Amino acid sequence: MTERRIIVALDVSNANDLRRLVKQIKDSDCRVKIGKELFTSIGPLAIEICHDAGLDVFLDLKFHDIPNTCAKAVRAAARWGVWMTNLHCSGGADMVAAVREMLEGESHRPLLIGVTVLTSMSLGELRQLGIERDLESHVDYLAKLAHVAGLDGVVCSGKETHRLRQSIGEDFCLVTPGVRPKWANNNDQVRVVTPARAIANGSDYLVIGRPITASEYPQDAIARIVSEI
Ligand code: C5P
């Protein structure tokens, strides 16, 4: 059983809001995710604020570039001491291999997680890109590519977790967003699963934002989710 399975999505855009939020959550119960909006707004200061609060950081920048550039960007993330970061599997096996090789000489190696197909993408959009597989098969294909290329896991929706756990096995980290406790608002998430269901299906980590961050007492919301898990 992996401890601290909740990753709180810190979807704020300035340092004051971030400081206020991290003060309200305990490092013993969760980790945190810094995404593109926050990182583009305040840069590595976001990582420093979280680390000063004792929180492990998932740097969710979904890197996708030529192998050399992607590898150097991930190395920079490693040097900031982040716990987890991610890259697009569709960047290809050479890109993933370049990242892994670049990290071999580093004293700290973050968990490397692949993004398969963004959940916002439709089958029609895959077709526009010239991809003939159906969505599920393409997710499976990219997840296998990630596994073979040596990534530590993939981001996947709660609806995909069970299938990927069965096909790839235990030794692969599944990170699931779109999680909603029964008592929380779904917001703009459509195909949601509850925390308990996601874990039962095989997720290792749950990315949860607004049910925690929009709550008057974020730590209470976290405690409630931990007890449900
Ligand atoms: O507030 P909420 O729980 O919906 O936040 C979920 C977080 O996970 C957001 O940062 C969002 O960008 C991210 N995410 C997602 N769905 C995906 C991938 C990432 O909601 N498929």
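Which residues are buried in helix H1 (residues 15–23)? I opened the notebook with that point and found Ala15, Leu18, Leu21 and Val22.

**Entry 1: ground rules**

I am working on a predicted model, where local features need pLDDT of at least 70, side-chain atom pairs count only at pLDDT 80 or more, and totals for chains, interfaces and linings use all residues. Residues are numbered from 1 along each chain as its sequence is written, and side-chain values use heavy atoms, with hydrogens and water left out. For labels I use DSSP runs numbered from the N terminus: helices are H or I with at least four residues, and strands are E with at least two. I call a residue buried under 20% relative accessible area, exposed over 50%, and partly exposed in between (1.4 Å probe, protein chains only).

**Entry 2: helix H1**

I then checked how the buried residues of H1 are arranged: Ala15, Leu18, Leu21 and Val22 are the buried ones. They lie on the same side of H1, because they cover an arc of only 125° around the axis. The arc is taken from the directions from the helix axis to the C-beta atoms. On the other side of H1 I noted Asn16, Arg20 and Lys23 as exposed. I looked up what covers the buried residues of H1, and the cover includes helix H2 (36–42), helix H3 (45–52), helix H10 (210–213) and helix H11 (218–228). Contact here means heavy atoms within 4.5 Å.

**Entry 3**

I listed the pairings of E4 next, counting two strands as paired if DSSP finds at least two bridges between them. Strand E3 (residues 57–63) pairs with E4 in the parallel sense over three bridges. Within that pairing I found Thr85 of E4 as the bridge partner of Leu59. E4 also pairs with strand E5 (residues 111–115), in the parallel sense and over five bridges. There, Met84 stands opposite Leu111 in E5.

I traced the connections as well. E3, helix H4 (residues 67–79) and E4 make a right-handed β-α-β unit. E4, helix H5 (residues 93–104) and E5 make a right-handed β-α-β unit too. Right-handed means that, with the strands pointing away from the viewer, the path from the first strand over the helix to the second runs clockwise.

**Entry 4: strand E8**

How are the faces of E8 covered? I found Tyr205 and Val207 buried on one side, and Leu206 and Ile208 buried on the other. Strand E1 (residues 6–9) runs parallel to E8 and is joined to E8 by three bridges. Strand E7 (residues 173–176) is also parallel to E8, with two bridges. Leu206 of E8 is the bridge partner of Ile6, and Leu206 is the bridge partner of Thr176 as well. From E7 the chain passes through helix H9 (residues 195–201) to E8, in a right-handed β-α-β crossover.

**Entry 5: rings and charges**

How many aromatic pairs does a search of the whole structure find? I got one. The partners are Trp83 and Tyr205, edge-to-face, at 5.1 Å centre to centre and 80° between the planes. Trp83 lies in the loop between H4 and E4 and Tyr205 in strand E8 (residues 205–208), so the pair ties together parts that are 122 residues apart in sequence. The rule I applied: rings of Phe, Tyr and Trp (its six-membered ring) pair if their centres lie within 6.5 Å, and planes under 30 degrees apart count as stacked, over 60 as edge-to-face and the rest as tilted.

Trp83 counts as buried because its relative accessibility is 14%. Tyr205 counts as buried at 6%.

I also looked for charges over rings, which requires NZ of Lys or CZ of Arg within 6 Å of the ring centre and within 35 degrees of the ring normal. The charged end of Arg31 sits over the ring of Trp83, 4.3 Å from its centre. The charged end of Arg133 sits over the ring of Tyr141, 3.7 Å from its centre.

**Entry 6: Glu132**

I located Glu132 in the loop between helix H6 (123–128) and helix H7 (135–148). Glu132 is exposed, with a relative accessible area of 62%. From Glu132 to Val207 I noted 30 Å between the C-alpha atoms, for residues 75 apart along the chain.

**Entry 7: positive phi**

Most residues other than glycine have a negative phi. I noted Lys62, which is not glycine, with a positive phi near 45°. Lys62 lies in strand E3 and is partly exposed at 25% relative accessible area. Asn187 has a positive phi of about 50° and is not a glycine either. I placed Asn187 in the loop between E7 and H9, where Asn187 counts as partly exposed at 36% relative accessibility.
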